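Please work through each task before reading its solution.

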Amino acid sequence: ALPICPRPRPRPRRSSGRDKASSPPNVHHLRPGLAVQQIRLLGEGGMGVVHLVRDSILQRQAALKLVRGASSIRLSRFQRETSVTARLDHPSIPPVFEAGTTLDDEPYLLMRFVDGESLSEILARRDAEHTGFEAEVQTRQLLQALIKVGEAVSFAHSRRIVHRDLKPANVMVGAFGEVFVMDWGLARDLSESAEEDMRVARRAE
């Protein structure tokens, strides 16, 4: 507790190595020595928000997921997602760069930014934009993408991880043919007991 005195001194705060008051707007201080610049919003939902950010040290873009208003329920789900995703080292699963708590006490997950379209978006416009030979070529490309999805899911299963929310909206296809299975927030770790899984699931409802 702070000492009681006529002129109380302010509480010491965690320092990032630079004065945050002088920082440009939309900078997220992840830890001392590492701050990322927010570029744009990628998405938001019940768990939190995802921003496209730039790492000024490594000069690369990344996806930053932040948990807003972190309750014990959200933290449990977020910690599970972080742990599961970090353990799945596969070319078609976005790698985790790091995770922790920002200097503003927000749980975060920093991972690869996938620049592309979801499989659902591709399928929605497929019939309207492609006919004949072009449609046949794209069908073959989509089949190749599904093979990569199957390989990623098979790898996860070998690690006793089940995605449980696999759908076209959670598959991203990049401009150079790269394919990623996204959003492992509902994944089940089969090494957990059924009781533990149900406890987390009930909390999330």
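**Exercise 1.** Determine the order of the three strands in the open sheet and the sense of their pairing.

*Solution.* Step 1: the order is β7-β9-β10, with antiparallel pairing; strands are DSSP runs of E with at least two residues, numbered from the N terminus, and two strands pair if DSSP finds at least two bridges between them. Step 2: β7 (116-118) and β10 (179-181) each have a single partner strand, so one side of each lacks a neighbour in the sheet. Step 3: β7 and β9 (residues 171-174) are joined by three bridges, and Ser 118 has Met 172 as its bridge partner in β9.

This is a predicted model, in which local features need pLDDT of at least 70, side-chain atom pairs count only at pLDDT 80 or more, and totals for chains, interfaces and linings use all residues. Residues are numbered from 1 along each chain as its sequence is written, and side-chain values use heavy atoms, without hydrogens and water.

**Exercise 2.** Describe the hairpin formed by β1 and β2.

*Solution.* Step 1: β1 (residues 27-31) pairs with β2 (residues 34-44) in the antiparallel sense over four bridges, and His 29 stands opposite Ala 35. Step 2: two residues lie between the strands, and Gly 33 in the turn has a positive phi of about 90°.

**Exercise 3.** Identify which residues have the most contacts inside the largest nonpolar core.

*Solution.* Step 1: a nonpolar core is a set of buried (under 20% relative accessible area, 1.4 Å probe, protein chains only) Ala, Val, Leu, Ile, Met, Phe, Trp, Tyr and Cys residues joined through side-chain atoms within 4.5 Å. Step 2: this core has 19 residues, and Val 84, Leu 88, Val 149, Ile 161 and Trp 184 have the most contacts inside it.

Notes: Buried < 20%, exposed > 50% of the residue type's maximum accessible area, 1.4 Å probe, protein only.
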